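Work through the exercises below with the sequence and the model open side by side. Each task is followed by a solution that goes step by step.

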Amino acid sequence: MQTKDTTSVIYLDLLQPNEGDGGEKTPFHRLESALRALKGNPANSCELVVMSTIPVQSPLILSAETLGQHLIIKRGERCTDALFDVVSSGDMVLGCGVTLDGNRDYFKKNNTTTGPLVRVGTNGKLRMEEGSMLRNNYAVFGSGVELSGGSFVLCGGDITKCEATEYGGAVAVTAGKMTMISGDISYNVAPKGSGVYLRGELDIAPDYQVPFRLTDRVYLENGRTLHLLSQITGIYDTIPVVCEATNAPRVNLAVCANNMIATASITMEKIFNAGEGTERKLFYHDNLVYLQPRDNAQH
């Protein structure tokens, strides 16, 4: 006998003065209440519609394993700031089976930009694991993740179809450190840095036991450093890098392999002399870094 797939919808509004039953007109006003309702729900999957920003001030793990089912957390029509705001003591983990959806079509149709799906402040922590997803958001910058301090580790999971009107379609690192070990950043949109806009730090350390793909642009502000901590050699592992300035002698690339510095920092002044916004594919091979075409390789 085949089980029919079912989905139930629960509403959450932290600005609501009284606790409801999770209905559209009577939403829960505490995240804990909504999560308890999810665990006891017989449906195969649930959609949690969020009407106001959820602050994360302590450890929070969201996964199908902990919730007992797959979960889509969707931005409601009144939620125009961040969907989740991870503050200084917050530590958020998005595990397998959890998707954050920014309801992009609704907000674009109404010409309204929102905050990011997840904002990470000073000393906050965010980790995405395999099987998690951020998608369909429409913001000014950092549409998927806005990292303004603290750390963000992408260890699996997808960031896709997020759009920023200014910069950082998937991620804007304005302060703090992002580490990409595995996962997929693709089909995001922004005038600068459709993938990652870098004003802080970015380490790329692929684990070849799991898929790694970064096809959207990484945009480096002048003076910023991108660290490669492993070989980038596969067809899906080339990284499109865009430099901020026409002449950028302070933009360096530090390359490491096997926990050892493989080469000295590499100045990008000659490599990016074609001007601002020129994209070059970056890959690492035999302890050398190449920018396509290989005639421009520096070491």
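A pocket, found on a 1 Å grid over the protein atoms alone, is an open set of points where a 1.4 Å probe fits, with protein on both sides within 12 Å along at least five of seven lines, and its lining residues have an atom within 4 Å of a point. This is a predicted model, in which local features need pLDDT of at least 70 and side-chain atom pairs count only at pLDDT 80 or more, while totals for chains, interfaces and linings use all residues. Residues are numbered from 1 along each chain as its sequence is written, and side-chain values use heavy atoms, with hydrogens and water left out.

**Exercise 1.** Describe the lining of the largest pocket by residue, element and class.

*Solution.* Begin with the residues: the lining consists of Leu14, Leu31, Glu32, Leu35, Arg36, Lys39, Pro55, Val56, Gln57, Ser58, Pro59 and Leu60. Next, assign them to elements, which are DSSP runs numbered from the N terminus (helices, H or I, at least four residues; strands, E, at least two). Helix H1 (31-39), strand E3 (54-56) and strand E4 (59-62) each supply at least two lining residues, and H1 gives the most, with five. Finally, sort by class, taking Ala, Val, Leu, Ile, Met, Phe, Trp, Tyr, Cys and Pro as nonpolar, Asp, Glu, Lys and Arg as charged, and the others, Gly among them, as polar; the result is seven nonpolar, two polar and three charged residues.

**Exercise 2.** Sort the lining of the second largest pocket by class.

**Exercise 3.** Is Arg104 buried or exposed, and which residues does Arg104 touch?

*Solution.* Locate Arg104 in helix H3 (residues 104-109). Arg104 counts as buried because its relative accessibility is 18%, where buried means under 20% relative accessible area, exposed over 50% and partly exposed in between (1.4 Å probe, protein chains only). Then list its contacts (heavy atoms within 4.5 Å): leaving out residues up to four places away in sequence, Arg104 touches Asn136, Asn137, Tyr138, Lys161 and Glu163. Towards Lys161, the side chain of Arg104 reaches the backbone oxygen at 3.3 Å.

**Exercise 4.** How many disulfides are there, and how exposed are Cys155 and Cys162?

*Solution.* With a disulfide taken as a pair of cysteine sulfur atoms within 2.5 Å, the count comes to zero. Cys155 is partly exposed, with a relative accessible area of 22%, whereas Cys162 is buried at 0%.

How values were computed:
Polar contact = N/O pair within 3.5 Å; in protein donor to acceptor, adjacent residues only side chain to side chain.
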